Amino acid sequence: HGCIQLLQDWCAKNNAELTCLKGNGEEYLLTPDRDEMPDQDQEWNVDMLNLVQWWEDHLTPGDIEWIRSFHSHIFWNDACLVHDSPIDRLMPESWHKPNLAPKYQEWFYHSRGIYPKMPDEEWQKLWAFMDTQNFSLVFCGHTHIPFFKEHEGRRVFNLGSAGIPLDGDPCPSWVMAVESADGKLDVAIRRVEYDIRLIHELIDQTPDYYDFKDTD
């Protein structure tokens, strides 16, 4: 809720329009009829169902409707922006499970995303898919590992994560892309210093958060 307020207040102050993408967390939150979902007793499902319920309990109906308006993918000039992979978002039929209700498909799909040490055959599949879809630039996230890769004019930028980067550097990562007047795109991965002690204090102030439950 605090993140949503921060984003919406910034937009109002700067008279700016914000376009957002859904990630797997947002998809979990928006999954309807979770109490009727199959395999609820699996360990991962038990934890996620409790965590997602905590999220829902701490969001307003307006927050959830705003999240519902997020996009699964965005085309911007010669770029495709997605949370995990453009193949996942543009070809959902490739991973949809048979005999599973459409409303539960996202919950049970755990995308590998795009990561630096991805096997060469997977990179070749991605390059070929970019060619068939007529875009040469991809912005993605999901793996929480920021990196850049280029191959024969095609470029992939993984933004990493603002909340939980997993590349060994705790500083939040993000990507700045600026288009010049002549159409040239300048893209750079950025890192930001922050006060980790403040994060610890916020955790201490939120004792009911399911993921921070006491363990022996």
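**View 1. The surroundings of E27.** Leaving aside neighbours within four places in sequence, E27 is in contact (heavy atoms within 4.5 Å) with K22 and E106. This is a predicted model in which local features need pLDDT of at least 70 and side-chain atom pairs count only at pLDDT 80 or more, while totals for chains, interfaces and linings use all residues. Residues are numbered from 1 along each chain as its sequence is written, and side-chain values use heavy atoms, with hydrogens and water left out. E27 is found in helix α2, residues 24-30, helices being DSSP runs of H or I with at least four residues and strands runs of E with at least two, numbered from the N terminus.

**View 2. The hairpin of β1 and β2.** Strands β1 and β2 run antiparallel and are joined by 4 bridges, with C80 in β2 as the bridge partner of F75. The hairpin that they form has 2 residues between the strands, and N77 in the turn has a positive phi of about 55 degrees.

**View 3. The pairing of β2 with β3.** Over 3 bridges, β2 (residues 79-82) pairs in the parallel sense with β3 (residues 137-140), and L137 in β3 is the bridge partner of A79.

Methods. Two strands pair if DSSP finds at least two bridges between them.
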